[in-house]
Amino acid sequence: MDWVFFLSATAPGLVLTIISCIYKVHPPKSINYLYGYRTRRSMRNQETWDFGNAIGAKMMLWVGISTFMAGAITYFLTPRWAMGISTFFLIVAIFAGIFWCEHQLKINFDKNGKPLFGKDPSN
């Protein structure tokens, strides 16, 4: 087993998984431009910010785990291509995750950031 190829294929997913666990335990408290899930829709008000960051942490966790698994599986199928395939998978998964988060914000909040269901939708 060539550890360099294995680590290069699985490290992005492992790092993202670790970061998402930290992000889930220590979410950003208030709207800011440095830390958190920052989009126009998530930064409309504190409710959308809290909801966006809660689902953003879940999205990052799933993207990290799936990227790690894709890198590990790809390594055993074709070690020399594993890093490239894992990186491509990571990019596609991040875009899919952002699309999912934005869709969740759209179906749970109106265009002004008011909850559509009258309660906290993150529960």
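This is a predicted model: local features need pLDDT of at least 70, side-chain atom pairs count only at pLDDT 80 or more; totals for chains, interfaces and linings use all residues.
Me: Why is Pro12 called partly exposed?

Reply: Buried would need a relative accessible area under 20%, and exposed would need over 50%. Pro12 has 27%, which is in between, so it is called partly exposed.

Me: Good, that settles the label. Where is Pro12 found, and what does Pro12 touch?

Reply: Pro12 is found in helix α1, which covers residues 3–25. Leaving out residues up to four places away in sequence, Pro12 touches Leu7 and Leu90. Each of these contacts has heavy atoms within 4.5 Å. As for Arg38, it is 26 residues from Pro12 along the chain, and their C-alpha atoms are separated by 21 Å.

Me: And what share of the residues in the protein chain is buried?

Reply: Of the 123 residues, 36% are buried, each with a relative accessible area under 20%.

Me: What makes a group of residues a nonpolar core, and how many residues has the largest one here?

Reply: The members must be buried nonpolar residues joined through side-chain atoms within 4.5 Å. The largest such core has 14 residues, and Tyr37, Met59 and Val63 have the most contacts inside it. Two or more residues come from each of α1, α2 (46–77) and α3 (82–108). Helix α2 gives the most, with six residues.

Me: Which residues does Met59 touch?

Reply: Not counting residues up to four places away in sequence, Met59 touches Tyr37, Gly97, Ile98, Trp100 and Cys101.

Me: What share of the contacts links residues 24 or more positions apart?

Reply: Among contacts with a separation of 6 or more, 59% are between residues 24 or more positions apart.

Me: One last point, on charge: how many positive and negative charges are there, and where are their mean positions?

Reply: The protein chain has 12 positive and 6 negative charges, and their mean positions are 4 Å apart.

Terms used:
Residues are numbered from 1 along each chain as its sequence is written. Side-chain values use heavy atoms; hydrogens and water are left out. Buried means under 20% relative accessible area, exposed over 50%, partly exposed in between (1.4 Å probe, protein chains only). Lys and Arg count as positive and Asp and Glu as negative; His and the chain ends are not counted. The place of a charge is taken as NZ of Lys, CZ of Arg, CG of Asp or CD of Glu. Helices (H or I, at least four residues) and strands (E, at least two) are DSSP runs, numbered from the N terminus.
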